[in-house]
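I opened this structure today and kept a few notes as I went. Here they are, for anyone meeting it for the first time.

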Amino acid sequence: SEQYRIEGNEFYRKSDMLNALISFNKSLCFSPTGSEKLSLAFANRSAVFLDLKRYEECLQNIRWAREYNYPQDRLEKLLEREEKCKKLKEQDDKIEKDPEEDPKNFFKLSYPANEKIPWIVDCLEMKKTKKFGRGIYTTRNLNAGDILSIEEPAIKYIEGNFRYKHCFNCFDSCMMNLLPCSLNGKTSRFS
């Protein structure tokens, strides 16, 4: 745990936020529950989220750091970060945001959604032809790159460093705010 936290600090100093988050996530995974190491990893990860302007995640990690026995001799620095984050969040909340710019809205259907099946476009239909048999056919000309369907995959598998970027239970990325579903208020599909 300590080794990964130190590694995360080095990445943070180099402004390599992705690898800093991965290292802090590894530190969390190897920290004993309720230990000071766990709280330090949360606190360090909160600094990354502050720099990334992910204020909700920053504040949540600060809460977790305090909840998991953050050292009293370092608490002042953490409280300063919390106040700074709250001020920046308040300023950010005043700015009206365009929903089109939300990174979570990256994928969108290229055409209007089907009324009965909202995760596919309205131009797709199931039918049977003599030439090709039963299948899904389109009622309009499509272009390469059009998004026709958006749905969750039937099977998910995590290996390598991806396991430190996504929840192992629900596979949600949580914007790299790795925490077991039970602590995130979610119910695991596998528990």
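I started with helix α5: its face turned away from the buried side carries the exposed residues Glu76, Lys77, Lys87 and Lys94. For my own use: buried means under 20% relative accessible area, exposed over 50%, and partly exposed in between, with a 1.4 Å probe and protein chains only. Helices (H or I, at least four residues) and strands (E, at least two) are DSSP runs numbered from the N terminus.

A reminder to myself: this is a predicted model, where local features need pLDDT of at least 70 and side-chain atom pairs count only at pLDDT 80 or more, while totals for chains, interfaces and linings use all residues. Residues are numbered from 1 along each chain as its sequence is written, and side-chain values use heavy atoms, with hydrogens and water left out.

**The other side of α5**

Which residues of α5 are buried? I found Leu75, Leu78, Arg81, Glu82, Cys85 and Lys89. An α-helix has 3.6 residues a turn, so residues three or four places apart point the same way. The cover over the buried residues of α5 includes α3 (36–51) and α4 (55–67); contact here means heavy atoms within 4.5 Å.

I also checked the length.

**A look at Asn114**

Next I went to Asn114, in the loop between α5 and β1 (124–129). Is Asn114 buried or exposed? Its relative accessibility is 17%, so Asn114 counts as buried. The Asn114 side chain reaches the backbone nitrogen of Lys116 at 2.7 Å and that of Ile117 at 3.1 Å. Leaving out residues up to four places away in sequence, Asn114 touches Ile120, Val121, Asp122 and Leu124.

**The whole chain**

Stepping back, I counted six helices and two strands, in the pattern α-α-α-α-α-β-β-α. Of the 191 residues, 36% count as buried.

Last, confidence: pLDDT, the predictor's confidence in each residue from 0 to 100, averages 81 over the chain. Helix α1 (residues 2–13) has the highest mean at 95, and helix α6 (residues 181–184) the lowest at 48.

Definitions and conventions:
Polar contact = N/O pair within 3.5 Å; in protein donor to acceptor, adjacent residues only side chain to side chain.
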